[in-house]
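Subject: Structure handover and notes

Dear colleague,

I am passing on the structure below, together with an account of what was found in it. Please read the notes with the structure open beside them.

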Amino acid sequence: MSDIDIVSRNPLVKTIADGSAKDELIDMLVDKQLPFTDEEYLESLTFVIKIDRVKAKALTLLKQIPDSAKANYVDRGNANHR
């Protein structure tokens with residue numbers, strides 16, 4: 001998955017999206033310990049919900065992201081609509 005299209009220019013989001021993130025980074029993501037915007041969390045979390053050990057936390061965080069951030073992300077032409 002090295003050629004993933006993502007909106008964020010944040011290199012940590014790319015690392016998460018391409019599947020090369022170490023467990024520590026994923027844990028920091030689902031514990032909301034990263035200096036990410038709501039859109040960066042949204043984009044990153046869509047990739048980690050496939051990981052069983054963090055799925056529940058990721059889904060909980062996704063529900064907490066404001067609807068306005070979700071709508072803004074979806075409105076972008078290059079957004080990942082998975």
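In what order do the elements of the protein run from the N terminus on? They run α-α-α-α-α, and the secondary structure comes to five helices and zero strands, where helices (H or I, at least four residues) and strands (E, at least two) are DSSP runs numbered from the N terminus.

Two remarks on the basis of these notes come before the details. This is a predicted model, in which local features need pLDDT of at least 70 and side-chain atom pairs count only at pLDDT 80 or more, while totals for chains, interfaces and linings use all residues. Residues are numbered from 1 along each chain as its sequence is written, and side-chain values use heavy atoms, with hydrogens and water left out.

Overall picture

Of the 82 residues in the protein, 40% are buried; here buried means under 20% relative accessible area, exposed means over 50%, and partly exposed lies in between (1.4 Å probe, protein chains only). The accessible surface of the protein comes to about 5,200 Å², with 51% of that belonging to carbon and sulfur atoms; the areas come from the Shrake-Rupley method with a 1.4 Å probe, and for residues only the protein chains shown count as cover. When contacts (heavy atoms within 4.5 Å) between residues at least 6 apart in sequence are considered, 53% of them join residues at least 24 apart.

Phe36, not counting residues up to four places away in sequence, touches Asn10, Leu12, Val13, Ile16, Leu29, Tyr41 and Ser44.

Helix 3 is largely enclosed by the rest of the structure, because nine of its 11 residues are buried. The buried residues of helix 3 are Glu39, Glu40, Tyr41, Leu42, Glu43, Ser44, Leu45, Phe47 and Val48, and what covers them includes helix 1, helix 2, helix 4 and helix 5.

Polar contacts around Glu40

Glu40 lies in helix 3 and is buried, with a relative accessible area of 14%. The Glu40 side chain makes a polar contact of 3.4 Å with the side chain of Asn10, a polar contact being a pair of N or O atoms within 3.5 Å, of which, within protein, one must be able to donate a hydrogen and the other to accept it, and for which residues adjacent in sequence count only if both atoms are side-chain atoms. A polar contact of 3.5 Å also joins the side chains of Glu40 and Ser8. Ser8, found in the segment before helix 1, counts as buried at 13% relative accessibility; leaving aside neighbours within four places in sequence, Ser8 is in contact with Val13, Glu40 and Glu43. On the same terms, Glu40 is in contact with Ser8, Asn10, Val13 and Pro35.

Two loop residues

Lys32 lies in the loop between helix 2 and helix 3 and counts as partly exposed at 45% relative accessibility. Most residues other than glycine have a negative phi, whereas phi of Lys32 is positive, near 55°. Lys32 lies over the face of Tyr41, at 5.6 Å from the ring centre, where a charge sits over a ring if NZ of Lys or CZ of Arg is within 6 Å of the ring centre and within 35 degrees of the ring normal.

Arg53 is found in the loop between helix 3 and helix 4 and is partly exposed, with a relative accessible area of 46%. The side chain of Arg53 makes a polar contact of 2.7 Å with the side chain of Asp27; these two residues are 26 apart in sequence, and their C-alpha atoms are 9.7 Å apart in space. Leaving aside neighbours within four places in sequence, Arg53 is in contact with Asp23, Ile26 and Asp27.

With best regards
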